[in-house]
Amino acid sequence: MNEVSVFFRIYDGIRPAIDIAVLSFLMYKAYSLIVKTNAVQLIKAAVTVVTAYAIAVLLQLHTLLWIFSVIAPGLMLVFAIVFQPELRKLFLKLGQTRWFTFGSRAKHSYVDSVLIAAEMLSKQKRGMLVAFMRHTKMDNIIGTGTRLNADLSSSLLVTIFGHNTPLHDGAAFIQGGRIVAAGCFLPVSEQYDIKKTFGTRHRAALGLSEASDCIVLVVSEETGAYSLAYDSKLHYDLTLEQVTRILERQLEITPEQQIIEDTIDEHKTITGTSV
């Protein structure tokens with residue numbers, strides 16, 4: 001009995017620290033998900049409604065409080081409809097997140113084959129769109145193209161994108177050391193303030209990064225510039241060395257590590273407000 005009492009006494013002492021630690025962890029996870037889904041509009045709308053309700057309670061505005069009580073159920077439904085894309089991305093990222101991860105994964109040597117092809121196509125001013133698959137299932141998008149299930153090689157990628165074949169206008173999906181499919185049509189980005197100078201490939205790359213955890217490599221047909229899209233952001237005009245470093249890092253780290261790493265490296269990042 002004395003041991004039990006001692007245990008509960010110790011627990012009562014450290015309970016506030018555990019409470020704060022768990023709350024901090026949940027707030028960090030929530031922040032990481034919001035950053036990845038660009039759900040700033042959803043937060044602003046929620047803050048506006050809560051602020052208006054708080055003012056009504058503070059000033060005892062009975063008419064406004066009555067209106068809030070009447071429209072509250074419908075307001076939740078309106079939020080769900082209006083912000084459906086943001087909520088969908090939020091739950092998609094929640095399903096992709098690994099809360100606890102141990103160990104590390106090996107380097108992905110097949111990246112070299114893709115970069116060799118990208119360099120050749122860049123010199124020829126031929127466009128390229130390659131998506132590296134991670135955890136999200138992409139069967140619906142892959143179904144819009146032609147399944148290849150072929151061994152990955154730079155010569156095959158150059159053949160697909162370097163000539164006016166039926167597959168060169170779409171995207172190629174890569175998983176491991178294989179080209180799963182090519183000629184796939186990607187969803188176009190929902191961001192409204194993308195630079196008008198960006199073509200269909202860049203908008204499609206950004207759109208896929210908004211709907212999945214894929215990392216998309218783009219070679220511009222006009223300038224030969226390299227770009228990478230992931231986590232709803234487009235990193236434009238990168239050097240080949242930067243592309244190599246980012247791909248190797250993003251394909252081997254966990255989603256939690258990824259947020260920390262993104263704050264270290266500074267690239268020409270294109271997001272909703274800085275496009």
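A: D151 and R178 make a salt bridge, and their closest N and O atoms sit 2.5 Å apart (the term asks for a side-chain nitrogen of Lys or Arg within 4 Å of a carboxyl oxygen of Asp or Glu). D151 belongs to strand 2 and R178 to strand 4, so this pair ties together parts that are 27 residues apart in sequence. Strands here are DSSP runs of E, at least two residues long, and helices are runs of H or I with at least four, both numbered from the N terminus.

Before going on, a word on what you're looking at: this is a predicted model, where local features need pLDDT of at least 70 and side-chain atom pairs count only at pLDDT 80 or more, while totals for chains, interfaces and linings use all residues. Residues are numbered from 1 along each chain as its sequence is written, and side-chain values use heavy atoms, with hydrogens and water left out.

How open are the two partners? D151 counts as exposed, at 54% relative accessibility, while R178 is partly exposed at 32%. The cut-offs are simple: under 20% relative accessible area is buried, over 50% is exposed, and anything in between is partly exposed (1.4 Å probe, protein chains only).

Strand 2 has another residue to check out, N149. Its phi is near 50 degrees, a positive value in a residue other than glycine. Most residues other than glycine have a negative phi. D237 sits in strand 7, residues 233-238, and is partly exposed at 37% relative accessible area.

Helix 7 runs over residues 154-162, and its buried residues are L157, V158, I160, F161 and G162. Those buried residues pack against strand 2 (146-151) and strand 4 (178-184), and also against helix 5 (111-123), strand 1 (128-132) and strand 3 (171-175). For contacts, think of heavy atoms within 4.5 Å. The structure holds zero disulfides, a disulfide being a pair of cysteine sulfur atoms within 2.5 Å.

How many salt bridges does a search of the whole structure find? There are two. The other one joins E221 to R201, with the closest N and O atoms 3.3 Å apart. This pair also links distant parts of the chain: E221 is in the loop between strand 5 (215-219) and strand 6 (226-230), R201 is in helix 8, and they are 20 residues apart. E221 is partly exposed at 37%, whereas R201 is buried at 16% relative accessible area.

Stay in helix 8 a moment, residues 200-211, where you'll also find H202. H202 is buried, with a relative accessible area of 6%. Setting aside neighbours within four places in sequence, H202 touches V218, S220, S227, L234 and Y236.

For a contrast with charged pairs, turn to the nonpolar patch on the surface, made of I55, L58, L59, L61, L64, W66, I67, V70 and I71. Helix 2 (40-58) and helix 3 (62-82) are the elements that give two or more residues to this patch, and helix 3 supplies the largest share, five residues. L59 lies in the loop between those two helices and is exposed, at 53%. Patch members need over 30% relative accessible area and no salt bridge; like charges are joined within 9 Å, and nonpolar side chains (Val, Leu, Ile, Met, Phe, Trp, Tyr) within 5 Å. Together the patch residues have about 850 Å² of accessible area, worked out by the Shrake-Rupley method with a 1.4 Å probe, and for residues only the protein chains shown count as cover.

Finally, zoom out. The protein chain has 10 helices and eight strands, and 40% of its 275 residues count as buried. Its accessible surface comes to about 15500 Å², with 64% of that belonging to carbon and sulfur atoms. Among contacts between residues at least 6 apart in sequence, 66% join residues at least 24 apart.
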